[in-house]
Structure formats: structure tokens, C-alpha cells
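This report covers the fold of one chain and the contacts between chains. The structure is shown first.

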Amino acid sequence: MERLKSIYLVLLFGFLYLPMAVLILYSFNASKYGTHWDSFTLGWYRSLATDASLIGAATHSLLVGCLAASMACFIGTLGAVGIYRYRFKGRIVLQGLLYVTLMSPEIVMAVSLLVLFIALHMELGFCTLLLSHTTFCLPFVTVTVLSRLDGFDRHLIEAAADLGAGEWQAMRQIVLPLAMPAIAAGWLLSFTLSLDDVVVSFFVTGPEFEVLPLKIYSMVRLGVKPEVNALAALLFAVSLLVVSGAQYLLQRKPK
Amino acid sequence: MKALALALSLFCAAAWGEGPAIRLFGWSDYLVQEVLDRFTEETGIAVNYTSYDSNESMYAKLKLLDGGGYDLAIPSTYFIDKMRKEGMLHSLDKNQLPNYKNLDPRQLDKPFDPGNQYSIPYIWGTSGIGVDTAKFKLQDVQAWADLWKPMFAGRLLLPNDMREVFHIALHILGFSGNSKDPAQIRSAYELLKKLLPNIRLFNSDAADVLFVTGEADAGVIWNGAAHRIQLEEPSFQYVCPKEGVILWMDSLVIPKNSPHAELAHRLIDFLLRPDIARLNSEKVGSATPNLEAIKLLDPKLRGDAVVYPPNDIVSKGEYQTDVGAAITIYTEYWEKLKAE
Amino acid sequence: MRQGNFFRTSVILLLSVWLALFVLIPNLLVLAASFLGRDESGFINLSPGLGNYLRLFDSVYLRVFAHSLWLALLTTLACLGLGYPFAYFLAQFRTSVRPVLLTLVIIPFWTNSLVRTYAIRSLLAARGLLNNTLIALGLIEEPVRLLYTGSAVLIGMVYILLPFMILPLYNAIEKLDHRLLEAAADLGAGRWRRFWQVTLPLTLPGVIAGSLLVFMPALGLFFIADVLGGSRDLLVGNLLKDQFLDARDWPFGAAASMALTGLLFLFLAAYAYSLERFAVEDRP
């Protein structure tokens, strides 16, 4: 039984990792169509490094990812605190709207945002993309922070308020430090979601502001491009580093 | 915090500090990178190439952007007519295009754009049948109607292009590929429904790659892609079907609100230069309407019937034209076909 | 107290206004558009009617919806079937190994999904690893056509969405109170009985959460069907994309989007209902 379990785990990890491993291996293959192993090359990486429009798109992606994640964290954290602390009319509606946004298929959101931007005669590009990404990141941050706050003793904040701390002060000195891990997690998640998003970006950005996932999409559509293998290997390496780094830091923290 | 601010400002600098770049919206693999790189080298102007896989999606995107965003597009003839009439195009200044004189007068001043006020012919060619003779016998595919043979069950590659696919069926039925008659379009749809079991995929992005990597071994293909496949796979053959090929010509246009119309003129003129038009024709594998470029061509390529179809093939072929409001009928049947 | 009121109003307003502007109003616009007519050169034309919804009932579009739901269901079941034992075994490892294994599950989730779709494509290609291996082993002579089939799309969906199933399952299984299982064993329940009557019911919230996290995105991921299905497998996501970005029939696309949203509400309502039931059962 124990052996069976291990075999199953290995097989499933194989399923998760084998396709990526093949891509990485083939990123060093000189064959143009990748139908056979030709010879070892770093050429595809070199051609990535010189592809100005790809680097531009990557920069755009990082920029939008950082800004959207930060905006979502700002609005989402404050919103979560509001929902957590106060009882107000429409609180249930607001929460409901958050969950609906969280669960609705990206394509539905993409379509509705496109209709909004066209109705407002907004030029599709950086602004529309940033607004859209912030919108789909927002519920993730709010819900993450809210669930962390829910685990705390409400009296802590009330005690602070009793001691004369203003709302801002209570927020800065008590709520924010408590919620920080959730905010950080929300930021990281938002950043990843933004960097990964194809569906929404496909609808709401314009040619002036190309982003990496769309660039990859058009490369992938064009069939076998060895550069995609190299790019895949790089992106995989980045997520490997980020995730293991984060896990390592979490592990080291004293319990 | 400081590090984050620094990183952000660096991103901003990189994102907005780019010099002027022409945003080119074209069919995939329609312009070789080599040509674009040479343009950048000579002029210092970068070219950003984005591809589309059908006239419809190109048109929809330009509509969405209200003619802004892109500086150059390469629609097919019948879309130029439509876009011109809808005021989506920027009129061209021939004074900025000294190389315009190199073009074959027979390819100019066509009904879809009288006087070439809005468009410059770029390349033209045929759509026919591509077949890997290692898998199928050449004599089995001599006509469009042969594609319906059961031997092709689940094997065919078709372009993801509504008008093109309907053109074939209309042709077999003896109608014009530009029919506006709902009954004729309907019968073409009925015929295409029978072709469905033979279709493996619709794709007009990467026909060449699909053949070379062994995913496709027969299908409808543009002559340019056919030429490129032949260079990789000698067993591949391009057939001009008995009923007559589909002819196409794609032209360079500048969208109405192009941010860099002047630079776009420079790129058009560059592409009209004989040596560049020749290089492009050789690499893309389709014919150039540029007379001076044809003079420079390798005689082998000039004589290649795939790339430069002989007159008897051309005279039997048919161009697509704008079908006006009938386009919605096509669209509806096309959707039905793909959802089938 | 004035400052408090100002703070209170502004934090609530900020989130509310944002959601109203970018979620509520856009969806209302889509709803409004779904009752209008198509315009060939513009976007919509003001000819109100129910025509777009009636058109959805055309057998072709019904089939698209049915096929998408079916595929999403298959994906969910496949993820559940693969993911449950995986999460279960994972939770039985020593506490020191678990975080490492969990990290290994999370890494693919953080890798660009298009890149992973492309990876599946390379694996299944006619001259890809799978076919080459089978040929080398002498099991087949000609490459099997794997790409551009319904199964390719399914495999791609499962590959992309599997981590979304495993993580909530793992969370639920890890929290499982082992004393309950011991008690059941003491009472003479066998291995299977313990699983069916204790483990499964207690981890059901994880199952439902994971299923929802897989099912919902599976309805919208048009690029997987595009890249792996060769435009033969039309899903709701592709239909919406085509209506808005190719065929330019916005009102009809809007109606299809509304129909999808309607379905979503149905599933969410079912989820809320099931949650309530379990919440009652869970309470000690």
C-alpha cells in the first residue's frame, strides 16, 4: 500500500512536471521545428534577449502587475477593514458582489469591461488594462484579508479605540500589522494573476500596450517556435525561485 | 520601499522611453523579420509586428480601436472596399511614395480602390490544395471536390477563414465565390457540413508549421505557405484544383487614426523598393506586383508555378469581393458549421 | 468621532464605488446590450427585442453550451478523481516533507498557464515526446493523432486546473480530526467504511470548493480550446470571443454572456445551499 501511494504521487508529479521538463530540454535544441534532437544551442535564448518588442511587453506586464496588485491591495485592504469593522446598509450586497466577481468566469468580466470602455470612448491601452486588472485582483485581496481579520479578537481594536486611538491610528498600529501576511499574500497572488492573465487582457488592451501573455499567445498560435520553449524555461525558473523562496522564508519564521 | 520605488521608476522609463515604433498589423508570417530588421537598421525606426488570422478579426480590432493604435494593416481586396467606404482608412500621399512607380499597372486602379487612393498592392497569390505525397497519391487530389473523399477522414487542414471556406463550396456547386444569394450560401453550407468529418482543424496562422511537424498531411493552403513547406519537405505538393483556384491580393493600408502615418508611408515606400520586394517575395513565397522586383528575381523562383502562377491558372481563378449585407448570412452559417 | 465617520465612509465608499463602476455598471451595460440589435458598421443598433435570447435556443448554440458544460464537468471529475487520492496521500506524509511536496504542487500554478498549455501541445504533437516514445517502444508504427481532438482539450484543462482542486482538498483533508477515524475504527468500521462515512463527508466542503474552482474557469478558458482543439471544439468562451472580436455581433455576444452569468448564479446558489447544510452538520 505504501509503495502504491508513492507510485501514485510520483506519477501525478510526473504529469505536472514532464511537459515542462520536455519544453526546457527542447529549449536547448537547435532544430527549428523541434521534430527531432539536433544539437545543443543557446541560440533561442539569445534571440529572446534581442527581441525588443518581447522585452517591451515583459516590462509592460511587470509594470501593470505591480501597479494593479498595489492598487488592489490598497482598496481591498481598506474595504476588508470596512466590512470587518462596521455594520452598514448594503454590507451583504457588497460582500455578495465581491464573491460574484471572484467566481465569475474571466471571459464574462472581459466582455463587460470592454463594453464599458467602448461606451465611455476610452482608448484601449495602459489605463484600461490597469483598471481591469485591479478589478479582477480586488476580490482576491479583500477576501484574503477579510478571512485573516475574521480570525482575530475584535476587542483588540475596540480596546485601542477606547484608549483614544483614532481610526487611522488603530488601523496603522493594530489592524495593518495583523493583516500584513494576508496583504502580502494577496499582493503576490494579484501580481501572479495579472502576469498570467490572457482572457481579460485580450479584450481590453490595445497595440500601444502589448503585454507578455498576449505576446506568448500569438507566438503559440503561430505553431512551433523554439523561442517559446526558451521563454517557458525562463518563466518556469522564475516561478520556481519565487515559490521556493517564499516557502523557505515562511518555514524559517519562528512558530 | 525605496527599492520598490526605484524598480517602478525603472519600469516606467523602459515602458515609455521607447523611440517611435511603427505598429504593423498583418497576417502571420507575411513579412519576414529580416526585412523589418533592415528597415530598422536603415531608418532607426522600430517595427512592432502583430499578427491576425482573418480579415474579420483584423477589421473587428480596428473598429474597436477606432482606426487608431495601428499604423499599417494588410487587408485583402474585398475588405479594402468595405473599410474605404466606412471611412476607416487614411488617404495615401503618393509624393511620399516615390517607389510607387515600380508597381505593375495591371494590378493598380482596381474597382475596390479606384486610383489607389487608400491601398498599395503588396503581394498576391492563390489558394489551392496542399498534399503530402508520402501519405496520399497526387492523382487523388486534383479538384476541390476530391477533398470530400472518405480517404481524408479526419485529416484535412482548412483555413480559419470564412469566405475562403465558403468560396470552395460555392465553386463546386457552380456558383460565384462572391454569391449574395441566401439559397446558394445555404446549399454551400449543406455541402460543407458533409466535409466536416474530414476536417481535422481550422487554422490560418501556421499552415506551414502544421505540415512540417506532421500534424497535417492534406488541406487547403496558400501558395506562400506551400512554397515554404516544399523547402523543408520535398514530398509536399501544391495542386491548383481543376475547378479553378481562389485568387487573392493583399494591400498595405494606413488606418484612419494611425499615430504615425508619416512613418507608415516610409515603411510602405521601403517595401516597394525592388530589392526589398524581391527579398520578401522569396521569403514569403508569394508573388509581388512589383515589376522592378520581378526583374531581380532568381529565374528559378520566377518560373516556379507555385509562387508565380501561370496565366491559364490565373484566368480560371476568382478574386473575392465585398458581399455587402450578405456577410451576416455567411457569418451565421460559419458559426453553425464550427459548432457542429 | 468625526474623524471616525470620515474614515468609515471613505473605506466603504472606495470599495463600493470601485465595484459599482467596474463590475455592476459594466454588467448592466451588457444586460442592456443583450436586448438590442446588431449593427454592421457600428457596435449596436437600437432595435430592442428578445431576438438574441431566442437565437441562443438555436440547436447549434444549445449544443455549444451543453458541450462546454459537459467538458467542464468532465474536467472537474477528472481533477477530483486525480486530485483526491493525491491530496489524501499528501496529507499522510511526515510533517517535515509535506511543505516541500505542497510547494511542488504550487509551482505549476504560478507558472504562466499559456506556457503550460503550450507544453501539453508539445507533448501531444505528432512528432512529440509521447508519439516518439510509443514508436520507439514499437507499440505503434504511425504517430497517433492526439492534438486537435476533444481529449487534447480535456487533458489541457485538467493540466491547467488540477492545482486548484488539490489545494482546497488538501486543506480539508489536513484538518481532518484523526480521533474521529480512530473512534470509527474502535467501533469496528473497516477501511472503506471509515472513508465513506467519516473522511468523505468531513472533507466534502473541500471537494465542493475545489470543484467550483475548477468548473467555473473551465467554462471560459478559450485559449486552451484554441491551441489544443484546432478551432473545432467551440466552447462558450470561444463563442463569446468570436462574437465580440470576430463576428462583431455584440448584442448576441452579450446575450450569451448573460446566459453564462445566469448559469453561474445557479451553481453559486447550489453551492451556498450545500454549504449551509454542511455548516449545520459540522457544528459540534
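Two residues are in contact if their C-beta atoms, placed from the backbone, lie within 7 Å. The model is a predicted one, in which local features need pLDDT of at least 70 and side-chain atom pairs count only at pLDDT 80 or more, while totals for chains, interfaces and linings use all residues. Residues are numbered from 1 along each chain as its sequence is written, and chains are lettered from A and ligands numbered from 1 in the order in which they are written.

Chain C has twelve helices and two strands; helices (H or I, at least four residues) and strands (E, at least two) are DSSP runs, numbered from the N terminus. The radius of gyration of chain C (over C-alpha atoms) is 24 Å, well over the 19 Å that the globule rule (2.2 Å times the number of residues to the power 0.38) gives for 284 residues, so chain C is more spread out than a compact globule. Along the principal axes, its C-alpha atoms fill a box of roughly 80 × 70 × 35 Å.

The two contacts take these residues:

| Contact | Residues given |
|---|---|
| Chain A with chain B | 20 residues from chain A, 23 residues from chain B |
| Chain C with chain A | 60 residues from chain C, 61 residues from chain A |

On the side of chain C that touches chain A, H1(C) gives the largest share, 20 residues. By class, that side of chain C has 44 nonpolar (Ala, Val, Leu, Ile, Met, Phe, Trp, Tyr, Cys and Pro), two charged (Asp, Glu, Lys and Arg) and 14 polar residues (the others, Gly among them).
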